[in-house]
Amino acid sequence: MKKFLTALLCAILVALPVMAYAADTAKTEGIQASPEFYAKADMSVLKGKKIGITIQSLQNAYWAGVMTALGEILKDAGAEYTIVACNDSSATQIGQIENFVSAGCDLIMVHPSDANAVEDACAEARNFGIKVMCWDDPMKNTDGNWILNNTNLGIAIGELAGDFINQHYSAEKKAQVAVIGYPQTVILLERENGIKQGLENKAAGKYEIVASQAALEPNLAQDAMEIILQAHPDCRVVTGIGAGPMIGADEALQIATGGKIPEDMGVFTTDVTKQQLGQLADPTYPAKGIIGFEGSDEDTGRSCAAMFALILSNKLENKNVFRGVAPITPETVAKIMSGMK
């Protein structure tokens, strides 16, 4: 019953209002993005520009969808672009950046496997007059960083789950909660810690974390959830750091309940894909809430392209731009699905 999509699945919610999870300026100074911020970009500057993009992986459903949309947007804008994946190899990514320099790119975007490892390569690119943008990390040798406050993203997930716990549990009847994280990656550990903080913010005294498991891919998350249920059969609330934990936990819980999901069972994560949205809309799955970003895959691609335009025209007001986050629930999923590719 393990049914995982193999097509390039991805995207996230249609435009939703940005929630008040702004940057932690004590750690990194920056500005909070908004629709008005992206609207300042003159997209005509992309015409004729050569853009090189290197990301961690195209096997991830979220990245596959967003990169497909971004490519279409750049093509429509008249830009020449190349998108490659380093498959989480810093050595490969450094080589890709060097190739982009040799090719005479006007802008290079890097989604780094290891930000520290590619700093020198990005510095060298800038020495040749090439603009550099980082997606996900507040790097030093860049002209712009498009980043998340991952602690605050985790808090948003935890608070969404905490609101659910408040509806169905109490100090006398505590929710048994599982956290599916991936502490091997710094930013995902920040999300996991944020989830725990968000739970405490909203539902202190009404829950107990009975298990924490590391799993990033859906099949591993399903296996992890099955193990958790063996030890804690009453565990009915699951929080996770990405799409894989939701998809996998949903499958395990659907099997365990025969598709008859009790009202006090819920799964909460981020990184929305089509499969997650389908599960959120299907009452035979326990998915109850997802924290997303700019909107659909097209919305995210368009916002990223706007970042390119702002950087190329030297109009980025602050080097660090923090992306907004917003929730989607079963009540809003139909509208969201209508905006998917």
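A: The open sheet has six strands in the order β8-β7-β9-β10-β11-β13, with mixed pairing, where two strands pair if DSSP finds at least two bridges between them, and where strands (E, at least two residues) and helices (H or I, at least four residues) are DSSP runs numbered from the N terminus. This is a predicted model, in which local features need pLDDT of at least 70, side-chain atom pairs count only at pLDDT 80 or more, and totals for chains, interfaces and linings use all residues. Residues are numbered from 1 along each chain as its sequence is written, and side-chain values use heavy atoms, with hydrogens and water left out.

At the edges of the sheet are β8 (207-214) and β13 (326-328), each of which pairs on one side only, and from one strand to the next the twist averages 20 degrees. In general, strands of a sheet pair through backbone hydrogen bonds, either parallel or antiparallel. Strand β10 (residues 266-270) pairs with strand β11 (residues 287-292) in the parallel sense over four bridges, and Thr270 has Ile291 in β11 as its bridge partner.

Helix α6 (residues 186-203) lies across β7 (175-181), β8, β9 (237-240) and β10, and runs at about 170 degrees to β8, the angle being taken between N-to-C directions, on a scale from 0 to 180 degrees, with axes fitted to C-alpha atoms, for helices over the stretch in contact (heavy atoms within 4.5 Å). Helix α9 (residues 274-281), in turn, lies across β10, β11 and β13, running at about 140 degrees to β11.
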